[in-house]
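This dialogue works through features of a structural model, giving the general idea before each case. Please keep the display below in view while reading.

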Amino acid sequence: MVRSVLAPGRHAATSPPTPPCGIIGRMASSNSDKQKAPEGPLIGVLIVDNDASHAQAVAESLQRVGYDCTVATSGPQGAKLIERESFDLVITDLVMNDVDGLQLLALAKEKLPDAEVILVTGHGT
């Protein structure tokens, strides 16, 4: 189950059922093609994106291969979660209102020094 934290006034999008596959983006054609879930304890991933459907799609893809995902649909909500919880990986949109990805990167490195941070963007650079 993907945990979602929605920004005020936002509504969760209904997602299509998850196909029974082990590969992100395509059906597995053989057992050798299937990706295995990470060994040991679940890896905690925070996904922060003001595009709720994109954040949910990323979370569902990662969850299918065994990651424990939490979704925040705004920068301020992502910042609160970084302050309150522990994550191994933070995936955040670069361009967001109020608190952007670079601010979340700095906060994550301060509060979660062992966590990796990935910045993504749909904007041209």
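**Reading the model**

Q: In which helix is the place of alanine 59?
A: Helices are DSSP runs of H or I with at least four residues, strands are runs of E with at least two, and both are numbered from the N terminus. Alanine 59 has its place in helix α1 (residues 52–64). The model is predicted, so to speak of local features requires pLDDT of at least 70, side-chain atom pairs count only at pLDDT 80 or more, and totals for chains, interfaces and linings use all residues. Residues are numbered from 1 along each chain as its sequence is written, and side-chain values use heavy atoms, leaving out hydrogens and water.

Q: Is alanine 59 buried or exposed?
A: Buried means under 20% relative accessible area, exposed means over 50%, and partly exposed lies in between (1.4 Å probe, protein chains only). Alanine 59 is buried, with a relative accessible area of 0%. Its C-alpha atom is separated by 8.5 Å from that of leucine 46, 13 residues apart along the chain. Of the 125 residues of the protein chain, 38% count as buried.

Q: How many helices and strands does the protein chain have?
A: The protein chain has 3 helices and 5 strands. From the N terminus on, its elements run β-β-α-β-α-β-α-β. Of the contacts in the protein chain with a separation of 6 or more, 69% are between residues 24 or more positions apart.

Q: Which residues of helix α2 are buried?
A: Helix α2 spans residues 75–84, and Gly75, Gln77, Gly78, Ala79, Leu81 and Ile82 are buried in it. As a general idea, an α-helix has 3.6 residues a turn, so residues three or four places apart point the same way.

Q: What does a side-chain oxygen of serine 74 reach at the start of α2?
A: A polar contact is a pair of N or O atoms within 3.5 Å; within protein, one must be able to donate a hydrogen and the other to accept it, and residues adjacent in sequence count only if both atoms are side-chain atoms. Here, a side-chain oxygen of serine 74 comes to within 3.2 Å of the backbone nitrogen of glutamine 77.

Q: At what angle do α2 and helix α3 pack?
A: Axes are lines fitted to C-alpha atoms, for helices over the stretch in contact, and angles run from 0 to 180 degrees between N-to-C directions. Helix α2 and helix α3 (residues 101–111) pack at an angle of about 5 degrees, with axes 10 Å apart. That makes α2 roughly parallel to α3. Angles under 35 degrees count as roughly parallel, over 145 as roughly antiparallel, 65 to 115 as roughly perpendicular and the rest as oblique. Gly75, Gly78, Ala79, Ile82 and Glu83 of α2 make the contact with Leu104, Leu107, Ala108 and Lys111 of α3. By class, this contact of α2 with α3 has 5 nonpolar, 2 polar and 2 charged residues. In that scheme Ala, Val, Leu, Ile, Met, Phe, Trp, Tyr, Cys and Pro count as nonpolar, Asp, Glu, Lys and Arg as charged, and the others, Gly among them, as polar.

Q: With which residue does lysine 111 form a salt bridge, the closest N and O atoms being 3.7 Å apart?
A: Side chains of opposite charge can pair when their charged atoms come close. A salt bridge is a side-chain nitrogen of Lys or Arg within 4 Å of a carboxyl oxygen of Asp or Glu. Lysine 111 forms one with glutamate 83, the closest N and O atoms being 3.7 Å apart. Lysine 111 lies in helix α3 and glutamate 83 in helix α2, so the pair ties together parts that are 28 residues apart in sequence. Glutamate 110 also forms a salt bridge with lysine 111, with the closest N and O atoms 3.7 Å apart. Glutamate 110 is exposed, with a relative accessible area of 57%. Salt bridges that share partners join Glu83, Glu110 and Lys111 into one network.

Q: Where does aspartate 98 lie?
A: Aspartate 98 lies in the loop between β4 (89–93) and α3. Although aspartate 98 is not a glycine, its phi is positive, about 65 degrees. Valine 95 is found in the loop between β4 and α3, and touches Asn50, Thr121 and His123, not counting residues up to four places away in sequence.

Note on methods. Contact means heavy atoms within 4.5 Å.
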